[in-house]
Amino acid sequence: MTLYGVQSSWRRARVKAGMPHVNFHDLRHSCASIMLSLGVDLYTISKILGYANVQTTQRYAHLQVDAQRAALDKLSQLVGEK
């Protein structure tokens, strides 16, 4: 398939889905956000998305607040048991 064919298919898919404003980068961001919410670590997400630098994936770290809170709650429970 040519570049024009990919662009044309992408445009038709967006219109058919009722989301003509969505761009390809939005899909990458959604993919990363969903994987993070499923517990996939930032390093693995970075490799899947093909980032050369793991720090690039840090932009998604703000989505981990609940996971961080749960980790601290577990630590607190462990320390509180003693």
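**Entry 1: what the record says**

I began with the annotation. UniProt, in an unreviewed entry, marks residues 1–73 as "domain: Tyr recombinase". I kept in mind that the model is a predicted one. For the annotated span I looked up the distance between the C-alpha atoms at its two ends, and residues 1 and 73 came out 51 Å apart.

**Entry 2: the whole chain**

Next I looked up the secondary structure. I found 4 helices and 0 strands in the protein chain, and from the N terminus the order reads α-α-α-α.

Then I turned to surface and contacts. Of the 82 residues, 20% count as buried. The accessible surface is about 6,400 Å², with 61% of it belonging to carbon and sulfur atoms. Taking contacts between residues at least 6 apart in sequence, I noted that 23% join residues at least 24 apart.

**Entry 3: helix α1**

I checked the length of helix α1, which covers residues 3–16. Within α1, I found Gly5, Ser8 and Arg14 buried. Lys16 is in this helix too. Is Lys16 buried or exposed? Its relative accessible area is 77%, and since the cut-off for exposed is over 50%, Lys16 counts as exposed. I then took the distance from Lys16 to Gln68, which lies 52 residues away along the chain, and their C-alpha atoms are separated by 39 Å. Just after α1, I noted that Gly18 has a positive phi of about 75 degrees.

I went on to Thr57, which sits in the loop between α3 (42–49) and α4 (65–80). Why does Thr57 count as buried? Its relative accessibility is 0%, and buried means under 20%. What does Thr57 touch, leaving out residues up to four places away in sequence? I listed Leu42, Ile45, Ser46 and Tyr51.

The side chains of Thr57 and Ser46 make a polar contact at 3.2 Å. Again leaving out residues up to four places away, Ser46 touches Tyr51, Asn53, Val54 and Thr57. I noted that Tyr51 turns up in the list for Thr57 and in the list for Ser46.

**Entry 4: Leu63**

My last stop was Leu63, in the loop between α3 and α4. With a relative accessible area of 41%, Leu63 is partly exposed. Which residues does Leu63 contact, setting aside neighbours within four places in sequence? I found Ser33 and Leu36. I also took Leu63 against Phe24: they are 39 residues apart in sequence, and their C-alpha atoms are 21 Å apart in space.

Technical notes
Residues numbered from 1 in each chain as written. Predicted model: local features only at pLDDT ≥ 70, side-chain atom pairs only at ≥ 80, totals over all residues. Heavy atoms only, no water. Buried < 20%, exposed > 50% of the residue type's maximum accessible area, 1.4 Å probe, protein only. Polar contact = N/O pair within 3.5 Å; in protein donor to acceptor, adjacent residues only side chain to side chain. Contact = heavy atoms within 4.5 Å. UniProt positions renumbered as here; feature names shortened; annotations may be inferred. Expected span 1.5 Å × (residues − 1). Areas by Shrake-Rupley, 256 points an atom, 1.4 Å probe, with all protein chains shown as cover.
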